Amino acid sequence: MKSNDVILQTVTNIVLFIILMFSVFIFFNGHHEPGGGFIGGLMTSSALVLLLLAYDLETVKRVLPVDFKHVTAAGLLVAVGTGMGSFFFDAPFLSQTYGYRHFPVLGELELATALIFDIGVYLVVVGITLTIIQTIGEDR
Amino acid sequence: MNADEISSWIISIIVLTGSVLSLISAFGLIRLPDIYTRSHAATKASTLSVMCILIAAFLFFAVGEGLYSARILLGIVFVFITAPVGGHLISRAAYHTGVTLWDSSIQDQLKEKKRKQRPSSRS
């Protein structure tokens, strides 16, 4: 049954960007304050689930032509890659380091290699959650 | 009275307003007869109460510690956008699954429209 969902879809279009923005904020916040890859990934996937609720599965697949199994694989690859990267500097597996760098607009920032590992966690969480939900939602 | 005392009075009044509104909303959930009037009570009063409490929390940290939390402002905007839509969707789903109105309801304008629409959507 095709139903009239104008209110839900309009609100989704606005709220989606607030949730995505907040998930990115939480993701970058994770080093010193509550947040990090896992909760940021969950929040991003909840935004995409909201999109799935407001529109149907085919529309979302057309908007986001991504196979989320590949996203999971890419996340695992990034996470293993950060572990392997420490071998190039004669350090044990998964060693982390950080440094301070000056940027033109943002000023001085602390850059940690733990962030790259967190990107891997983020991609794995988004990939697995959306794979599960899309697989369950498909067969009816 | 210095500025700290005045601000703490204002903040406590806002917190009390929010909690009393939340209590009124809970009473409305218990006392009102059917789902539509209940969702009326649950959406409006509790949205305003949550926003009051969040505004008070924002003011508390802004005045007391000089911490302007953008997260709380974003939360206020978010609750203000989403809570009424949640109430709308719940009562809409209730209407479409055939939950009856309260006995003393006088008119139901959506009923005729739905009956007129039904043959075309069935075919």
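In the predicted model, the axes of helix α1 (residues 6–29) of chain A and helix α3 (residues 70–96) of chain B come within 11 Å of each other and cross at roughly 145°, where axes are lines fitted to C-alpha atoms over the stretch in contact and angles run from 0 to 180 degrees between N-to-C directions. Helices are DSSP runs (H or I, at least four residues) and strands likewise (E, at least two), numbered from the N terminus. On the side of α1(A), the contact (heavy atoms within 4.5 Å) involves residues including A:Ile7, A:Val11, A:Ile18, A:Phe22 and A:Asn29, while α3(B) contributes, among them, B:Arg71, B:Phe78, B:Val85 and B:His88.

Chain B comprises 4 helices and 0 strands, which follow one another in the pattern α-α-α-α. Its C-alpha trace spans about 70 × 30 × 15 Å along the principal axes, and its radius of gyration, taken over C-alpha atoms, is 20 Å, whereas a compact globule of 123 residues would have a value near 14 Å by the rule of 2.2 Å times the number of residues to the power 0.38. Of the contacts in chain B with a separation of 6 or more, 57% are accounted for by residues 24 or more positions apart.

Residues are numbered from 1 along each chain as its sequence is written, and chains are lettered from A and ligands numbered from 1 in the order in which they are written. Local features need pLDDT of at least 70 and side-chain atom pairs count only at pLDDT 80 or more, whereas totals for chains, interfaces and linings use all residues, and side-chain values use heavy atoms, with hydrogens and water left out.
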